[in-house]
Amino acid sequence: MSSQQSKEEAHGRYLAALSLTALGIVFGDIGTSPIYALRESFHSANGIDPTQANVLGVLSLILWSLIIVISIKYLTFVMRADNHGEGGIIALTALVAPPSQAVRQKRIVLVMAGLFGAALLYGDSMITPAISVLSAIEGLEVATPFFQPYVIPITIVILIALFSVQRRGTAGIGMLFGPVTLVWFITLALLGVLGIMRHPGVMAAVNPLQGAAFFARNGLAGFLVLGSVFLVVTGGEALYADMGHFGIRPIRLTWFVLVLPALVLNYFGQGAVILDDPTTLEHPFFLMAPSWALYPLVGLATLATIIASQAVISGAFSLTQQAIQLGYLPRMKVEHTSSREIGQVYLPGINWALMFACVGLVIGFRTSSNLAAAYGVAVTTDMAVTTVLFAVVATKRFGWSPPSIVLFLSGLLIVDLAFWGANLPKIPQGGWFPIVVAAVIFTLMTTWKKGRQLVATRLEVGSLPIELLIADIHESNPTRVAGTAVFMHKDPDGTPPALLHNLKHNRVLHRRIVLLSITTLEVPRVTDEDRLSIVKVADDMYKVGASYGFAESPDVPSIMKICEKNGLAFDMMQTTFFLSRETLVAYQKGGMAGWRKRLFGRMSRNSLEATVYFGIPPNRVVELGMQVEL
């Protein structure tokens, strides 16, 4: 039984434990939205007065947004589109872009849309920690104005501390996520009940006609409120992205049994408090609590926002690792922070870039209300892309009929595009930030992918089929030296350029030759049984192909251990690894624009060395340089 199957068939204590863990990792983002979401819906910029009709209308929109977007779209439909148990937009894009080159070319627009959606998540990874922690610390202002000058400094200190401990991974502190988040959701529910008791009539918002009447009454201003209402579902992508860690069943169980009821009670409680006392509009979440509970609530909210931020940061690490493996980003340093959990990785470069971005956002925007203006554009675009990609996968994988696809798209895309349109006016107020971030990262990804394809094409010009190479070696009979030479090359069917250059310039070969190629498949993980293929192409030459999933990191020492189990042993003191190092020269016309060639060259020079990325012992490596004209 696979780990994914065991998660889906989980029951009893195991299901409860898995659900508790999922609560801390998956629902942190959506669980902290009550701190600021309802407040922003009545922000003065929207021009909506907190009358009883308007409050009931907004609460109705919040309730049905949670039901339609999370319960129906993600938990009922989208999470069915798993890539060997993994979810997320990268995994979904891999399903849309199958190995067939002809089919891939036909779907290039969809692939690019998925790639841009992935790039948008980086903007979300920067904004979420900033707005979450800042909104929690702003609760101190409710307790006493004394803390007002210290809100931003305290927020910055917490963010720096959060990113500083990322190197240690989430294995240790992760065990606290579930219990703390459980306390958080129970607190949300209790506060909501206390609020509803102050104005029970707020329960009328369950009627969806209240939302329809809100639009009819407020026109364009009412439509634009959707830009703030959307804040209640911003954690939807996390549900899908984290399904590989927990499976669908624990996530669905946790959502319907605890998270959804707690969120609805809290939002309705805030609405009741506003109706009872409109002066609470600035901080209805914190003002639901009794005065004696305010400081503990701020402390608990801070812990909850840190947990929510941790999940988003870890997601950025995983997303980057997948992009590197699929060839969309250059090699970076990847550290595995847990010997037991495969998915726990740490990328120092991404970590510090996110930290500086978060601190800069807090300093630049200064309040969570200002940051809320930057929030939403990226996530709404990402959700719309997910809907379209799922429709394609449902057609090809599930055999949905055209009428079913039209019904699905017309229903959910109306909701997605309504949220997207309501967020467009936020672009001048700060919504431009995630779009600029996504545009930069999308440019880097596509430039790197295209550049590597051009390099591979140029290298193929001087390449030889393996059969011709073997015949040439037998005919020329070069000098042979003791030991094993491992030549690495990306193309499993091609001849490594380093081997050809070694023969051409040094005119010598080792007694045993191993041609090693490492291929990334468009599945998240590869089993040990399918990891390796060993083919003896000559008496003294072997072709070794190692396959990895896009959620894994290749490791040459582990490949050699598997080779030993299959009869191909290595003596490291008698083994030399030959790698090619390309010097890029932008001479040729075509292929890419000049500025993209220069950008690709800079990315290539700053790429992590292959010896470090693949875990090759540096004292056993020989690099052969060559010029490649782009």
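Lys333 and Glu335 form a salt bridge, with the closest N and O atoms 3.4 Å apart. A salt bridge here is a side-chain nitrogen of Lys or Arg within 4 Å of a carboxyl oxygen of Asp or Glu. Lys333 is partly exposed at 45% relative accessibility, whereas Glu335 is buried at 18%. Buried means under 20% relative accessible area, exposed over 50%, and partly exposed in between (1.4 Å probe, protein chains only).

This is a predicted model: local features need pLDDT of at least 70 and side-chain atom pairs count only at pLDDT 80 or more, while totals for chains, interfaces and linings use all residues. Residues are numbered from 1 along each chain as its sequence is written, and side-chain values use heavy atoms, with hydrogens and water left out.

**Salt bridges**

The whole structure holds 7 salt bridges. Among them are these:

| Pair | Closest N to O distance |
|---|---|
| Lys73 and Asp416 | 3.0 Å |
| Lys333 and Glu335 | 3.4 Å |

Lys73 lies in helix H5 (residues 52-77) and Asp416 in helix H22 (residues 402-423), so the pair ties together parts 343 residues apart in sequence. Helices are DSSP runs (H or I, at least four residues), numbered from the N terminus. Both Lys73 and Asp416 are buried.

Glu40 is buried at 4% relative accessibility. Arg39 is buried too, at 7%. Arg39, Glu40 and Glu138 are linked in a network of salt bridges.

**Nonpolar cores**

A nonpolar core is a set of buried Ala, Val, Leu, Ile, Met, Phe, Trp, Tyr and Cys residues joined through side-chain atoms within 4.5 Å. The largest has 175 residues, of which Phe27, Leu66, Trp184 and Trp255 touch the most other members. Helix H8 (residues 108-137) supplies the largest share of this core, 15 residues. A second, separate core of 17 residues includes Phe487, Leu509, Ala538 and Phe578.

Contact means heavy atoms within 4.5 Å. Leaving out residues up to four places away in sequence, Trp184 touches Gly31, Thr32, Ile35, Phe285, Leu297, Leu300, Ala301 and Ala304. Thr187 sits in helix H11 (residues 174-198). Thr187 is buried, at 19% relative accessible area. Beyond its neighbours within four places in sequence, Thr187 is in contact with Leu297 and Leu300.

**Helix H6**

In helix H6 (residues 89-96), 7 of the 8 residues are buried. They are Ile89, Ile90, Ala91, Leu92, Thr93, Ala94 and Val96. The buried residues of H6 pack against H8, helix H14 (236-241), helix H18 (294-325) and helix H21 (377-397).

Note on methods. Helix = DSSP H or I, 4+ residues; strand = E, 2+ residues; numbered from the N terminus.
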